[in-house]
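Reader: I'm new to this one. Can you walk me through it?
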4 protein chains.
Amino acid sequence: MHHEDALQRLKYIEGHIRGIQRMLEDDKYCIDVIRQIQAVQAALNKVSNKILEGHLNACVTTAIRGDDLAERERVVNEITSIFSTANEL
Amino acid sequence: MHHEDALQRLKYIEGHIRGIQRMLEDDKYCIDVIRQIQAVQAALNKVSNKILEGHLNACVTTAIRGDDLAERERVVNEITSIFSTANEL
Amino acid sequence: MHHEDALQRLKYIEGHIRGIQRMLEDDKYCIDVIRQIQAVQAALNKVSNKILEGHLNACVTTAIRGDDLAERERVVNEITSIFSTANEL
Amino acid sequence: MHHEDALQRLKYIEGHIRGIQRMLEDDKYCIDVIRQIQAVQAALNKVSNKILEGHLNACVTTAIRGDDLAERERVVNEITSIFSTANEL
């Protein structure tokens, strides 16, 4: 269900990016182009948030409730890693 | 020339986003999907940087060297505005 | 232990911010001031990452392994929420 | 005037950071600490925006209206550079 929503958003984002390509081809004003790119980035943030939410409620919960210590460590490290990258974007 | 480069990058990014859609359809691991979304965001940052660079060297320089005070104020405010949005993404 | 490290980093960051105040008082070049502010922000990202890492390994793991469903939901929502804010900064 | 405002904000931010240190010493809940760090980062973004605004209206306008081509190139490159870093934070 989360994936269905994320997929729809990504299809919309793909169309948005084609729109920005047309803006460049039509030599539109630079600042307007940058603003549309920033709108796409905000939309991508929302997709990431949705996917992380689903991931925490499914895989992460299963892993942490399980008895495989290495697996628990792995899922925790992955979350720290994408949070760290989110901070750098 | 700047626009040509930006256009090429956006075409590549469009393909990247279609690839992420396929990852979702194939039910790939969430963290891998999020990492690909973050890669697209980094690529979009580079496109914005390129376009801003061209804009500063062309429109902004022309406006600031011109005598239309309102126009000079306008280009300066636009740059502050996209910098502010960049900080919020 | 995580907190000890985070505390040390925050003391260093506090000194860094006092240094930036002196730069403003001494009328230093704006771009150099902005670069120092960006360095502080990168340092704060590292502190957040450290604290989140400790949190996932302690509180979150305990909550998710526990039987209180509302508590499990709460810790998961908190992580989604700070990830979402990280994306907006 | 811009600097006066930025200085006041940085003094407030310094106090905020000391408050976060106390939160760590008092072993406050991790998520609350991370939220306060994110609030400081948002406040620092506002300071950067203010300083850039002043810089564009003063130094950049002077340089671009001047006849020193190398100087004009330098101020433009600096803005591209801090915009690029803002995108990476």
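Author: One term to begin with. A crossing is left-handed if the near helix is turned anticlockwise from the far one by less than a right angle, and right-handed if clockwise. Also, this is a predicted model.

Reader: OK. Which way does α2(C) cross α2(D), left-handed or right-handed?
Author: The crossing of α2(C) past α2(D) is left-handed.

Reader: What angle and axis distance do they have?
Author: Helix α2 of chain C and helix α2 of chain D each cover residues 30-65. They pack at an angle of about 165°, and their axes are 10 Å apart. Angles over 145 degrees count as roughly antiparallel, so α2(C) is roughly antiparallel to α2(D).

Reader: What sort of residues make that contact of α2(C) with α2(D)?
Author: There are 22 nonpolar and eight polar residues in the contact of α2(C) with α2(D), and no charged ones.

Reader: Now α3(B). What is buried there?
Author: The buried residues of α3(B) include R72(B), V75(B), V76(B), E78(B) and I79(B). I82(B), F83(B), A86(B) and N87(B) are buried too.

Reader: What covers them?
Author: The cover for the buried residues of α3(B) includes α2 of chain A and α2 (30-65) of chain B. It also includes α2 and α3 (69-87) of chain D.

Reader: How far apart are the end C-alpha atoms of α3(B)?
Author: They are 27 Å apart.

Reader: Where is R65(B), and what does it touch?
Author: R65(B) sits in helix α2 of chain B. Leaving out residues up to four places away in sequence, R65(B) touches I64(D) and R65(D).

Reader: Why does R65(B) count as partly exposed?
Author: Because R65(B) has 13 C-beta neighbours inside 10 Å. A residue is buried at 20 or more and exposed at 12 or fewer.

Reader: Last one, H16(A). Where is it?
Author: H16(A) is in helix α1 of chain A. With 16 C-beta neighbours inside 10 Å, H16(A) counts as partly exposed. The C-alpha atoms of H16(A) and T80(A) are separated by 30 Å, and the two residues lie 64 residues apart along the chain.

Terms used: Residues numbered from 1 in each chain as written. Chains lettered and ligands numbered in written order. Predicted model: local features only at pLDDT ≥ 70, side-chain atom pairs only at ≥ 80, totals over all residues. Axes fitted to C-alpha atoms, helices over the stretch in contact; angles between N-to-C directions. Helix = DSSP H or I, 4+ residues; strand = E, 2+ residues; numbered from the N terminus. Parallel < 35°, antiparallel > 145°, perpendicular 65-115°, else oblique. Nonpolar A, V, L, I, M, F, W, Y, C, P; charged D, E, K, R; others polar. Expected span 1.5 Å × (residues − 1). Contact = placed C-beta atoms within 7 Å.
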